[in-house]
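Please keep the sequence and the 3D view open while reading.

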Amino acid sequence: MADDKDVLRDVWFGRIPTCFTLYQDEITEREAEPFYLLLPRVSYLTLVTDKVKKHFLKVMKAEDVEEIWFDFEGTPLKWHYPIGLLFDLHASNTALPWSITVHFKNFPERDLLHCPSNSVIEAHFMSSIKEADALKHKSQVINDMQKKDHKQLWMGLQNDKFDQFWAMNRKLMEYPTEEGGFRYIPFRIYLTMSDRPFIQKLFRPISPDGHTHTLGDLLKEVYPVAISNDDESKRYQVVIHGIEPLLETPLQWLSEHLSHPDNFLHISVIPAPSD
């Protein structure tokens, strides 16, 4: 892979200033102060909210505590989506800090998966990496790794260790030079205005005639309404890691540099803010 370390580091160390407040109907013994945290974009809510949980448990009675969950403006936040994706999808045009509400009761069974332990997150994370590698390398790279290598990927993410994670993840981003890229690009396109959780299709980084596919090529094929014509005002923003990459950006480069640790390119298509 083209080793653009600065981009990889910038993506890894992206943080979102966040204010957690307890839901007003939760019963507390004394007033619950808000709790502020810088959330890593590449992690998962349930991996990094132990401090939040401890903070609010101080004012709760044990019998009033069930499974913790979070919402933003009434929308339950899916813990199995990376934090940066949740922010881009639901809150990218709101003022910072991101305001998240904490709940300990009335778990929304229809909207969220249960997450009783970190091993659940690890299993989800590893299954995503395996799916991505099946698309990129027919699973050859991940299958050649040992169990301890898989663990290194997970521990690197869990402990926020860039070098530990990338020492192993680098192998998942390599490909034979003559092929010019991965077999298929692991991507998911998320739409705030759709009931579909996301769009995912097989898409190659290089066309049959050797043309390098771009982000614009992907959108034209998979979700053309995301691209505005020259004569119309912009209806949508296409956001990856909080930025709007140029539509001319090669998809292979994006996959290598802007994928989340789960090796997927998570692309949010959100309504453009009105002027």
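A crossing of two helices is called left-handed if the near helix is turned anticlockwise from the far one by less than a right angle, and right-handed if it is turned clockwise. In this predicted model, the crossing of helix 5 and helix 7 is right-handed. Helix 5, which covers residues 118-137, packs against helix 7, residues 147-158, at an angle of about 120°, and their axes are 11 Å apart. Because angles of 65 to 115 degrees count as roughly perpendicular and those over 145 as roughly antiparallel, helix 5 is oblique to helix 7.

On the side of helix 5, the residues that make this contact include Phe-125, Met-126 and Ile-129, while those of helix 7 include Leu-153, Trp-154 and Leu-157. Sorted by class, the contact of helix 5 with helix 7 has 7 nonpolar, 3 polar and 3 charged residues.

The model also holds an open sheet of 3 strands in the order 6-8-7, with mixed pairing, and the twist from one strand to the next averages 20°. Two of its strands are listed here.

| Edge strand | Residues |
|---|---|
| Strand 6 | 187-191 |
| Strand 7 | 236-239 |

Strand 6 and strand 7 each have a single partner strand, so one side of each is left without a neighbour in the sheet. Helix 9, residues 215-222, lies across strand 6, strand 7 and strand 8, and runs at about 60° to strand 6.

Conventions. Residues are numbered from 1 along each chain as its sequence is written. This is a predicted model: local features need pLDDT of at least 70, side-chain atom pairs count only at pLDDT 80 or more; totals for chains, interfaces and linings use all residues. Side-chain values use heavy atoms; hydrogens and water are left out. Axes are lines fitted to C-alpha atoms, for helices over the stretch in contact, and angles run from 0 to 180 degrees between N-to-C directions. Helices (H or I, at least four residues) and strands (E, at least two) are DSSP runs, numbered from the N terminus. Angles under 35 degrees count as roughly parallel, over 145 as roughly antiparallel, 65 to 115 as roughly perpendicular and the rest as oblique. Contact means heavy atoms within 4.5 Å. Ala, Val, Leu, Ile, Met, Phe, Trp, Tyr, Cys and Pro count as nonpolar, Asp, Glu, Lys and Arg as charged, and the others, Gly among them, as polar. Two strands pair if DSSP finds at least two bridges between them.
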